[in-house]
Amino acid sequence: MNNGIKGIYRRVAQTLHLMVGVGDYTGYLEHFRVHHPDQQPMTRSDYFRYCQSARYPTKDGKIKRCPC
C-alpha cells in the first residue's frame with residue numbers, strides 16, 4: 001500500500017473507532033511516548049475499557065445494553 005492509501009485507511013479507521021466510543025490507540029501511544037516517556041502506557045485492552053467506561057459509565061463497571 002502506498003502512503004496515500006495508508007493515510008486514508010488510518011483516518012477511516014480512526015473515525016469509525018471514535019464513532020463507537022473508542023479512541024485512537026496509536027495516537028494515544030504517540031502522545032504517551034512524547035509527553036510521558038518515563039511512564040508505562042495502558043495496554044490496548046485497558047485503553048478500550050477506559051474509553052468504554054468514559055462513554056458508558058456504570059456503577060458496577062459492566063456495560064449494559066439498556067441504559068436503565
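Student: What should I know about the model before reading its values?

Tutor: This is a predicted model, in which local features need pLDDT of at least 70 and side-chain atom pairs count only at pLDDT 80 or more, while totals for chains, interfaces and linings use all residues. Residues are numbered from 1 along each chain as its sequence is written, and side-chain values use heavy atoms, with hydrogens and water left out.

Student: Why is the aromatic pair of Tyr 25 and Tyr 28 called tilted?

Tutor: Rings of Phe, Tyr and Trp (its six-membered ring) pair if their centres lie within 6.5 Å, and planes under 30 degrees apart count as stacked, over 60 as edge-to-face and the rest as tilted. The centres of Tyr 25 and Tyr 28 are 5.9 Å apart with 35 degrees between the planes, so the pair is tilted.

Student: How do you know that Tyr 25 and Tyr 28 are buried?

Tutor: Buried means under 20% relative accessible area, exposed over 50% and partly exposed in between, with a 1.4 Å probe and protein chains only. Tyr 25 has 12% and Tyr 28 has 13%, so both count as buried.

Student: What makes Tyr 28 and Phe 32 a tilted pair?

Tutor: Their ring centres are 5.4 Å apart and their planes stand at 50 degrees, so the pair is tilted. Both residues lie in helix α2, four residues apart, about one turn of the helix, where a helix is a DSSP run of H or I with at least four residues, numbered from the N terminus. Ring pairs link Tyr 25, Tyr 28, Phe 32 and Tyr 47 into a cluster.

Student: Why is the contact of Asp 24 with Arg 10 called a salt bridge?

Tutor: A salt bridge is a side-chain nitrogen of Lys or Arg within 4 Å of a carboxyl oxygen of Asp or Glu. The closest N and O atoms of Asp 24 and Arg 10 are 3.4 Å apart, so the contact qualifies. Asp 24 lies in the loop between α1 and α2 and Arg 10 in helix α1, so the pair ties together parts that are 14 residues apart in sequence.

Student: What makes Arg 33 exposed and Glu 30 partly exposed?

Tutor: Arg 33 has 55% relative accessibility and therefore counts as exposed, whereas Glu 30, at 41%, counts as partly exposed. Arg 33 forms a salt bridge with Glu 30, the closest N and O atoms being 2.6 Å apart.

Key: Helices (H or I, at least four residues) and strands (E, at least two) are DSSP runs, numbered from the N terminus.
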